[in-house]
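I wanted a record of the ring pairs and charged pairs here. These are my notes from going through the model.

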Amino acid sequence: LGTPTNIVTRIGRDALGSPEWRMMAEGGVSTRGSETDKRLPTAMTVCAASEGDRALLTHDPINAKLERLLASDAVQKQVSKARHLHLACTIRNPKKWTAAIKEIRKHGLTVSTDSGWNPELFGLPGMASLLRHCEFTFPNAVEAKAMTGTKTVEAAAKELARTVRTPVIKLGPDGSLAIRNGKIVRMKSIRVRAVDATGAGDAFNGGFLHGYL
């Protein structure tokens, strides 16, 4: 969309020759903050579809301690020039991630997160503390209610607003909902002919953050 972007991740040597990684790099996304691990393969995701729903199952041992990469000199150099950090990853250890985010915020960055559907993370000690250091979080309606133990998206948004500064909940064809200055704000979706919703949430996050920045 025109916002300079840097990806921070670990990949295996198998990814370097892949058309996806090459397309991303040639498309203007900087990979200077990423690291290649010779011992482990790149994360693998399988899409399982059944009865009108689908799940994305990811095997990602290479990024088990991704928060350590944020502390590296190469990433810190990139962070010092950045304005925002978006966590599009599984946060396995909230306490360690919180410490890493605190250091990053010293550079003046704002932070957002979208961990996707990971029920084992929702009740982890330290998640609320981590969200207090985030400007935005981007769950969908099902995730928001599961994260907060509430029955409506409005109640979920209000509960999330007790920690994260601006919770933004994705509602599919019904658009999105956020809380700003204590008030619920709704935005209708653009009418489209939906073919496959895979990646739609990440596309929403990217568009929102582009507009924010």
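The entries below cover aromatic pairs and then salt bridges.

**Basis.** I worked on a predicted model, so local features need pLDDT of at least 70 and side-chain atom pairs count only at pLDDT 80 or more, while totals for chains, interfaces and linings use all residues. I number residues from 1 along each chain as its sequence is written, and side-chain values use heavy atoms, with hydrogens and water left out.

**Aromatic pairs.** I searched the whole structure and got 7 aromatic pairs. The criterion is ring centres within 6.5 Å for Phe, Tyr and Trp (its six-membered ring); planes under 30 degrees apart are stacked, over 60 edge-to-face, and the rest tilted.

I looked up Phe-138 and Phe-208 and found an edge-to-face pair, with centres 5.2 Å apart and planes at 70°. This pair links distant parts of the chain, 70 residues apart: Phe-138 is in the loop between β7 (136-137) and α8 (141-148), and Phe-208 is in helix α10 (residues 200-212). Helices (H or I, at least four residues) and strands (E, at least two) are DSSP runs numbered from the N terminus.

I then checked accessibility, where buried is under 20% relative accessible area, exposed is over 50%, and partly exposed is in between (1.4 Å probe, protein chains only). Phe-138 is buried at 0%, whereas Phe-208 is partly exposed at 27%.

Phe-208 also pairs with Phe-204; I noted this one as stacked, with 6.3 Å centre to centre and 25° between the planes. The two sit 4 residues apart in helix α10, which means about one helical turn separates them. Phe-204 is partly exposed, with 27% relative accessibility.

**Salt bridges.** I counted 8 salt bridges in the whole structure, taking a side-chain nitrogen of Lys or Arg within 4 Å of a carboxyl oxygen of Asp or Glu.

Arg-10 bridges to Glu-35, with the closest N and O atoms 3.0 Å apart. The partners are 25 residues apart, Arg-10 in strand β1 (residues 10-12) and Glu-35 in strand β2 (residues 35-37). I have Arg-10 as buried at 11% and Glu-35 as partly exposed at 35%.

Asp-37 bridges to Arg-39 at 3.1 Å between the closest N and O atoms. Asp-37 is buried at 11%; Arg-39 is exposed at 71%.

Asp-114 and Lys-170 form a salt bridge at 2.9 Å, N to O. I have Asp-114 as buried at 12% and Lys-170 as buried at 11%.

My last entry is a salt-bridge network that links Arg-105, Glu-135 and Arg-165.
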